[in-house]
Amino acid sequence: MKRLLALLLSLLMVCFVGCSQNNNDSSADTDIVSTAKTGKLDSVEFGLGADVEQVKEHYSKLAEEYEKEHSSEDSHNHNGEVSAYYNLIKKDGYSVIDIASARFYYLNDQKEKGIAAVSTDGEVFGFTPGVTMKYEVEEAINAKGDIKSGTEDEMKFLAVRTEPIVVLRYDFENIRLDFYFYDNVLISTVILDTNVWKI
């Protein structure tokens, strides 16, 4: 009877260990992947597909409110402009809504498709620019990404052009998540819709 009980207990343990290993092997997406698949960066208000006019209105209103609250002499720079930052930059074929901590890109002739790419130099997914290393991103995502040298087209997503750039890339159907590294440390994170923004 003791042998039978021990055998049953052993079988239960084998089943338990096997089942838990299977659960680990078919693990769900990490929080980073789940968030990226929705077209968002966790630290940025708007994501891919967001209405361009809504994004403009939101950030221009924040800049106006900041200006009203900080309209004293001390808050002005040398040109008399307030230090809140919001800028709309028109380029050949695309435009950028620049709010300093992030940039929102849309194609001029496909504005109705909304924001096609978002770039940030701020903290994202718990990664700190200037501190986080490539292996830390791969560990957090629990997958190795594709590593490539940054191209001329990819440089437009940087606030300040810095070379050479190494890009750690993850593709999730039409969503591309890129982490830009300079001198082995993270400097910027970009998410884009590859169905809209062809790069």
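Author: Gladly! Keep in mind that this model is predicted.

Reader: What is the phi of aspartate 183?

Author: Aspartate 183 is not a glycine, yet its phi is positive. The angle is about 55°.

Reader: Is aspartate 183 buried or exposed?

Author: Its relative accessibility is 62%. The cut-off for exposed is over 50%, so aspartate 183 counts as exposed.

Reader: Where is alanine 100 found, and how does its accessibility count?

Author: Alanine 100 also has a positive phi without being a glycine, near 75°. Its place is the loop between β2 (94-98) and β3 (102-107).

Reader: Which residue of β8 stands opposite valine 118?

Author: Strand β4 (residues 117-120) has both faces covered, with Val118 and Thr120 buried on one side and Ala117 and Ser119 buried on the other. β4 runs antiparallel to β3, joined by 4 bridges, and there valine 118 is the bridge partner of phenylalanine 104. β4 also pairs with β8 in the antiparallel sense over 4 bridges. In that pairing, valine 118 stands opposite isoleucine 191.

Reader: Which two residues does a cis peptide bond join?

Author: Look in the loop between α5 (152-155) and β6 (166-172), where proline 164 has its place. The omega of the cis bond is about -5°, and the residues joined are glutamate 163 and proline 164.

How values were computed:
Residues numbered from 1 in each chain as written. Predicted model: local features only at pLDDT ≥ 70, side-chain atom pairs only at ≥ 80, totals over all residues. Heavy atoms only, no water. Helix = DSSP H or I, 4+ residues; strand = E, 2+ residues; numbered from the N terminus. Buried < 20%, exposed > 50% of the residue type's maximum accessible area, 1.4 Å probe, protein only. Pairing = 2+ DSSP bridges.
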